Amino acid sequence: AAELYSVAIAAFDRYLAAAPAEHNDTAHYYQALSLRAIGDYSGAIQEWNHMLSEHAFDTHWVDAYSDKATTQWLYMEDYEAAINTLLGFVAATPNQPASAEFLFTAGRIAERGGRLTRSVEIWPRVAEEYPSSEFAYDSVFLAGISLFRLEDFAGAQAQFLRAYQASLSLEQ
């Protein structure tokens with residue numbers, strides 16, 4: 001909170017060196033956020049990878065996947081790595097409540113990175129795999145937009161019809 005990231009990193013290092021074998025993921029999680037804040041993106045990714053492998057399903061586990069993908073996408077501009085991080089989460093934990101959102105976000109990252117074909121591969125999966133998700137309608141609609149941008153007008157029309165059929169409100 002005080003933005004003294006180097007001090008925080010040193011404190012986390014001391015804690016983790018002295019921590020008992022049975023500790024939760026909190027220090028690792030905030031260590032990674034601190035590393036990202038000082039621009040050590042690779043260090044942050046390494047810390048999240050360690051945390052994800054050693055502290056699966058712990059307190060900050062879902063947040064670590066999200067923050068790792070955000071770091072890869074926004075800070076490192078490694079769109080494919082960010083997409084793969086989120087798709088890996090979905091593949092490993094399809095019943096996790098965050099899976100629908102992560103799948104939707106993977107489609108968004110693909111679209112924002114100019115990977116329209118990839119976004120069309122990802123977005124419809126949200127409606128297929130999580131039809132009751134709040135992201136289902138938007139994902140199909142946005143897949144239609146991507147297809148339109150790719151000048152696949154028949155495919156776009158099919159996705160728009162699918163979105164219409166999946167709509168749950170007048171706004172949609």
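This tour moves through a predicted model, one selection at a time.

**The whole chain**

Begin with the entire protein displayed as a cartoon. Nine helices and zero strands make up its secondary structure, so that the elements, read from the N terminus, run α-α-α-α-α-α-α-α-α. Taken along the principal axes, the box that the C-alpha atoms fill is roughly 60 × 30 × 25 Å. Of the 172 residues in the protein, 43% are buried. Among contacts with a separation of 6 or more, 47% join residues 24 or more positions apart.

**Helices H4 and H5**

Next, select helix H4 (61-75) and helix H5 (79-92). A pair of packed helices is described by the angle between their axes and the distance between the axes. What are these values for H4 and H5? The angle is about 160°, and the axes are 7 Å apart. Because angles over 145 degrees count as roughly antiparallel, H4 and H5 are roughly antiparallel to each other. The crossing in which H4 passes H5 is left-handed.

Now show the side chains at this contact. On the H4 side they belong to Trp61, Val62, Tyr65, Lys68, Ala69, Gln72 and Trp73. On the H5 side the residues are Tyr79, Ala81, Ala82, Thr85, Leu86 and Phe89. Sorted by class, the contact of H4 with H5 comprises ten nonpolar, two polar and one charged residues.

Is Glu77 buried or exposed? With a relative accessibility of 59%, Glu77 counts as exposed.

**Glutamate 111 in helix H6**

Move on to helix H6 (residues 99-112) and select Glu111 within it. In contrast to the exposed Glu77, Glu111 is buried, its relative accessible area being 16%. Which residues does Glu111 touch, not counting those up to four places away in sequence? They are Leu116, Ser119, Trp123, Ser146 and Arg149.

**Helices H8 and H9**

The next selection is helix H8 (residues 136-149) with helix H9 (residues 153-166). The axes of H8 and H9 come within 8 Å and cross at roughly 165°. H8 and H9 are therefore roughly antiparallel to each other. Their crossing is left-handed.

To see the contact itself, display Tyr137, Val140, Phe141, Ala143, Gly144, Ile145, Leu147 and Phe148 in H8. These meet Phe153, Gly155, Ala156, Gln159, Phe160, Arg162 and Ala163 in H9. By class, the contact of H8 with H9 consists of eleven nonpolar, three polar and one charged residues.

The loop between H8 and H9 holds Glu151. Select this residue and examine its backbone: phi of Glu151 is near 65°, a positive value in a residue other than glycine. At 61% relative accessibility, Glu151 counts as exposed.

**Aromatic pairs between H8 and H9**

A search of the whole structure finds twelve aromatic pairs. One of them is formed by Phe141 and Phe160, a tilted pair with 5.4 Å centre to centre and 45° between the planes. This pair links distant parts of the chain, with Phe141 in H8 and Phe160 in H9, 19 residues apart. Phe141 counts as partly exposed at 32% relative accessibility, and Phe160 likewise counts as partly exposed, at 28%.

Now select Phe148 and Phe153. Why is this pair edge-to-face? The ring centres of Phe148 and Phe153 lie 5.2 Å apart and their planes are at 65°, so the pair is edge-to-face, because planes over 60 degrees apart are counted in that class. Phe148 is partly exposed, with a relative accessible area of 47%. Phe153 is also partly exposed, at 46% relative accessibility.

Notes:
Residues are numbered from 1 along each chain as its sequence is written. This is a predicted model: local features need pLDDT of at least 70, side-chain atom pairs count only at pLDDT 80 or more; totals for chains, interfaces and linings use all residues. Side-chain values use heavy atoms; hydrogens and water are left out. Rings of Phe, Tyr and Trp (its six-membered ring) pair if their centres lie within 6.5 Å; planes under 30 degrees apart count as stacked, over 60 as edge-to-face and the rest as tilted. Helices (H or I, at least four residues) and strands (E, at least two) are DSSP runs, numbered from the N terminus. Buried means under 20% relative accessible area, exposed over 50%, partly exposed in between (1.4 Å probe, protein chains only). Axes are lines fitted to C-alpha atoms, for helices over the stretch in contact, and angles run from 0 to 180 degrees between N-to-C directions. Angles under 35 degrees count as roughly parallel, over 145 as roughly antiparallel, 65 to 115 as roughly perpendicular and the rest as oblique. A crossing is left-handed if the near helix is turned anticlockwise from the far one by less than a right angle, and right-handed if clockwise. Contact means heavy atoms within 4.5 Å. Ala, Val, Leu, Ile, Met, Phe, Trp, Tyr, Cys and Pro count as nonpolar, Asp, Glu, Lys and Arg as charged, and the others, Gly among them, as polar.
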